[in-house]
Structure formats: structure tokens, C-alpha cells
Amino acid sequence: MEKSSRRSFFKVAGISLLGISGAAPVLNSFAESQVSHTVEGSYVKNESTLQAKRWGMIINTKELSEDNVPSIIEACHKAHNVPNIDNKKHEVKWIWEEEFKHAFPTVNHDFLNERVENLKFLVFCNHCNNPPCVRACPTKATFKRDDGIVLMDFHRCIGCRFCMAACPYGSRSFNFENPRPFIEETNPLFPTRMKGVVEKCNFCAERLAVGKIPACVEAANGAIVFGDLNDPESEIRQVLKENYTIRRKPALGTGPSVYYIV
Amino acid sequence: MLETAIKGSRNYWLWLAGLAAVFCLGFLVYLNQLSFGLGITGMNRDVTWGFYIAQFTFLVGVAASAVMLVLPYYLHDYKAFGRITILGEFLAVASVSMCLFFIIVDLGQPQRILNVWLHPTPGSVLFWDTIVLNGYLLLNIVIGWKILEAERSSIAPPKWVKPLIYLSIPWAVSIHTVTAFLYCGLPGRGFWLTAILAPRFLASAFASGPAFLIVLCFIVRKLTKFDPGTVQIQTLAKIVTYGLIINVFFLLCEVFVVFYSGIPEHMEHFKYLYAGHDGHGVLVPWMWTSAALALLSIFLLINPATRKNEKILPFTCVMVFVAMWIDKGLGLVSGGFVPSPLHHFNEYVPTLKEIMITFGVYALGFIILTVLFKIAVSVKEELVS
Ligand code: SF4
Ligand code: SF4
């Protein structure tokens, strides 16, 4: 089992290498076309890699509907070989829908606007600025990158699940069993996981590395905005300026990088 | 001294064989867990720590309680405890070993456990917990062994043991404090987010540990020629009394703060544990049993007539032990996960396999405990005769 995950890791590594050498022009032009038409030059690019000081997202819940939500979730789960396990107890999910009262349990009240009450909220890892999961992890298998993305090293994780106890957003999943038989179609560009490790949304770090925007953003057709929170000129900052947004459990001081337009 | 462990009666060997059988059974189930994953347990995405970590948390308390013998003896020169400190230290060794085994069986990838030391992470409480637990284990093995050796040859223990003994006192407090910190530093987990968690852990430890030791003392008295002593048992019983009363007081303090402030994220857990929520309430009868046992034991322990009655005392101690076990071994861990941070109520019930593995670990711990006690008591018997 270990072997096959290592193999897929090498595949990814190989493809990234290709990206730098042989296939670079192709990927570059692909990346450029993606970037320019979605967010009009709000990314700083270094060769083919998308870079930022602090990546963030805005979910425009007004534009989410039964039509696009499933395809957004599917895009993410397909891209990352997230298994589709029926047993609720062993379920693994990176991005999923919740009602307002679950996504924002501390803001919920008795006389909630009917629209909001019935809205579906996409929830996933907030890539917190001050992430308690990173603090808790005893092996640095969960770590925060300079660009604000909270990542996981699946090969180092010992499966203590301390990070899951620490995350106040339930963003993490644990592989209670071997996930591979539950992957319908394996994406060779991303490693599959083994039993006994934790996983979660990674803001598509592997796609950013080759100049692509996150899979959910791509599938959302504008309902999700992605960009550099630290850059006052970025599109994400413009949207934040113009809209009232909320974050999940801000009082805990974790500093989520995901914002919601309600 | 090791040779004393292999010179035992038939019953001694039968007991060990029984434990070994339970251990082997548990081990076989553990192999199943190793190949399938933690999915054989009742844990789920919302309740990610279950029975194993709860036992670990409870046993850290039993281990820490050795300090209740060491401290009066060495700091206050309470001579009577000299007779039995070794029992406390060996109980600590067995309990900490079980704690470490429980951590191992709880890992999703146990073969990677060394990563904790290969990539030391000072910000992680779990890193410190492994340090203090292993340190405490080592301290108690060394101290216990050296003192017993000296006792056997009727000489004073080597000088360097003294500082280790003094070190072991704050160290005992640290193992339970650090274990409490695993829980109480987590955002969004209202049940654990309380500064009184470490003191609560210590109070319950000073009730459950000595209570268990009293039961062991009665067993030793019955089965061997060594009598741990009535005064010793009575002093321990007083320690249990205070530990238990302080523990109940702390719990009531918690209840006051949580319900008077009325903050839902803190209240929901208590309500779930003691009243249930919307048909979810597997733990309700357990929690009330624990409360009833604790109150009844307080009554029996405060009253000198019932405390001094050696027919009643062992039963009271068992009740204290069970009450504390339910509180920590069941309520504290699951109660903190239900409701989840997203306010979903997913309950946790351990599976049969999980319970068998748990018994396996306990059996291994009891093998260690039996052998160590056998050695200690044999030395004491030699001195008596
Ligand atoms: S949402 Fe949870 S998993 Fe993601 S960074 Fe924050 S604490 Fe960590
Ligand atoms: S489960 Fe893995 S990622 Fe989470 S805290 Fe433990 S080692 Fe770190």
C-alpha cells in the first residue's frame, strides 16, 4: 500500500519536473490563460507558480445553488482522490455543505432570515492565520506555509488525531480504513492516502504550483473568489471592500482566511 | 531480586496465565486493527478520541497518585508510609506503562511513532506529554528498584536517589497537568476549555489512585505474609476522602460557571451528558451512576465509623474507583466531542473489538503490576521472617 502512494507521489514529482523543463511552455500558457480571464492579473507569478503573501477565499453564497454546489464538491474530491465512503462514521470530506446553524453555530438565532436559514454553505479548511491544528500536531505533519496555506504531510502523520480535536471547524477527516477501494477514478496527479492518516483541503497547493487556480474556484464560475489577502490591489480585497462578509467563529482568534458573503 | 518473581504459588501462576490469555486475545484483535485501521472502533469523524485515550487519561491519574505516598513520607517525614511507598511507585510504573500502550494502540500509524521525537515540536502538548510520561516511568523504575534493593540488604539507598525522589514529586503533578493541557488548550471545545481542568484531574487522581492502592493493600494483606498496615490504609483513606470531596467541589464549580454564565457552547456538553439531547443520551445513566457513587462514597468516607470499618472500606474504595473511572474514562472524553464544533450530535459507543483491545492492554498492565508487587512483597516477607 505504501508503495503505491509513493509511486503516485513520484508521478506528481515527475510531472512537476516536466512542468519546469519540457512541458513548461504548455503549462505556462495554460496557466496564463486561466489566470488572466478569471482574476485579471491579481496574482504575482513566478514562472508557472501562483504566489501570494496570504491566500484567501470568498464564498459568495448568493451564487451557490443546487446546480453548482455538487459540481464544486465533485471537482475538489475528484482532483484529490477523496474516497466516497458510505459509512458516515468513516467518511472523508474536504469540502461539503452545511446549513447556516451548523456552519455558524455561534451566530445562529431564533429569528433568522428565511433565505439564510435555507442557504447551503460550503465549508472546508479555513487555512487559519493562527491555526490551532498546527499548534497541536506533535510531528509537524500539519504545517503552515509562508503563503498562509495550512498543509499536511501524509507520510509523516502518525494518526494521533490531535489536530482534529484542535480544529474548531471540523475541517479534518481521518482515514479510519484504507481509502483506496473507495476512489472511483484515481487522479494520477495527486497521491492517494493510506489508512490511519488525517487529511483535509489544501487550497489546491499542487495546482497553484503549476499555475492553476483551485479546483473549486474553477468549478464555481465566479461564486468563489480566490486571491492574495495581503495585496490591497487584489480582486479578493476589492470584493471584501464592497461586500459585507463573515467568517466562521472569529471570536476564537484562529483568523480564518475564508470569508462568506451572505 | 528478579528471581523472586518466578518463585510463586500455583495461584500466582494461574492468575498470570489468565492475564496472559486475555492479553493474547487483545493482541490478536489488535493485529486486526493494524491491518484494517481504526475503523474497527466506534470512533467517527466527530468523536476522534474514544475508549483508548480515555483509559490513558484515567490511568495517568492512577500513576500520578504515587506522589500521595512519596510526598508525606519524604517531605513531611511521615514514617508510616515508608512501609508502602514502594507499592505506590510500582503501581505508578504499571499505570504509566499502560498509558503508553494505550497511546500506541490509538495511533493510526503506530510504526511512525518515533516521528514525535524525530521532529520535536515544542508547541505541541502531546510532545511534552510523551516526555513527562516516559520520564516519570523511568524515575519510578529507578527509585523503586534502588530503594527495594537497599531495603533487602538492610543498607541505606545510594545518595543519588534522594534528589530523584524529590524530582519525582513535581514530576507526578506534571504528568497529569500536561495531560489535562492536551484538552484544555483547544479552541471551540467548550467542555474542556476550563482552567480548572488540570486541578480537577489532580483531585480525581488523588481519589482514584489511593483508592485503588487501598484495595491492593487489602489483597496483599490477604494473600501474603506482609501487612501494609492499618494506619497506612487509614491515612490513605483520608487522602481519598479529601481528593474525592475536592473533586466533587471542582465539578460543582464548573457546573456553576457553565450554567450561571449560560453560554450554550459550554452548557450543551453538560446537558448532553446528564440529560441527553434529542434521543442521544447513551452516557446519561453512567454519569448519574458516577455521581451517586461519588456522593455515597463521600458519606461513607467522612463518617469515621464506616471509614474505619475494614469490611466496608474496600467496597467504598471500589465505588470511588468506578465513579472516577466513569467520569474520566467515559464522560470526559466523549462528552467533550459531543456536540461537535458544528453542533452535530454524533454519539460514540465503543465496539466489542475496541473493548477487547482495551482489556488486552489492561491485562498487560496487570501482569506488570503483579510481577512488581510480587517482587516488592517477597522482599518485605523476607524481612518479616
Ligand atoms: S480550519 Fe481547522 S484544519 Fe483548517 S487551518 Fe483552521 S484549524 Fe486547521
Ligand atoms: S493526526 Fe497527523 S497531522 Fe494530526 S496531529 Fe497527529 S500527526 Fe499531526
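**The contact of chain B and chain A**

I will begin with one pair: B:Asp106 forms a salt bridge with A:Arg161, the closest N and O atoms being 2.7 Å apart, where a salt bridge means a side-chain nitrogen of Lys or Arg within 4 Å of a carboxyl oxygen of Asp or Glu. Across the interface of chain B and chain A, the rule finds one salt bridge.

Before going on, please note that this is a predicted model, in which local features need pLDDT of at least 70 and side-chain atom pairs count only at pLDDT 80 or more, while totals for chains, interfaces and linings use all residues. Residues are numbered from 1 along each chain as its sequence is written, chains are lettered from A and ligands numbered from 1 in the order in which they are written, and side-chain values use heavy atoms, with hydrogens and water left out.

The contact (heavy atoms within 4.5 Å) takes 47 residues from chain A and 40 residues from chain B. The area buried between the two chains is about 3,700 Å², with carbon and sulfur atoms giving 55% of it; by buried area I mean the accessible area, with a 1.4 Å probe, that two parts lose on being put together, summed over both. On the side of chain B, the residues that lose the most area to chain A are B:Arg45, B:Arg112 and B:Leu342, which together make up 22% of what that side buries.

Turning to ligand 1, which of the 14 residues around ligand 1 come nearest? They are A:Cys125, A:Asn126, A:Cys128, A:Cys133 and A:Cys167, where near means that a heavy atom of the residue lies within 4 Å.
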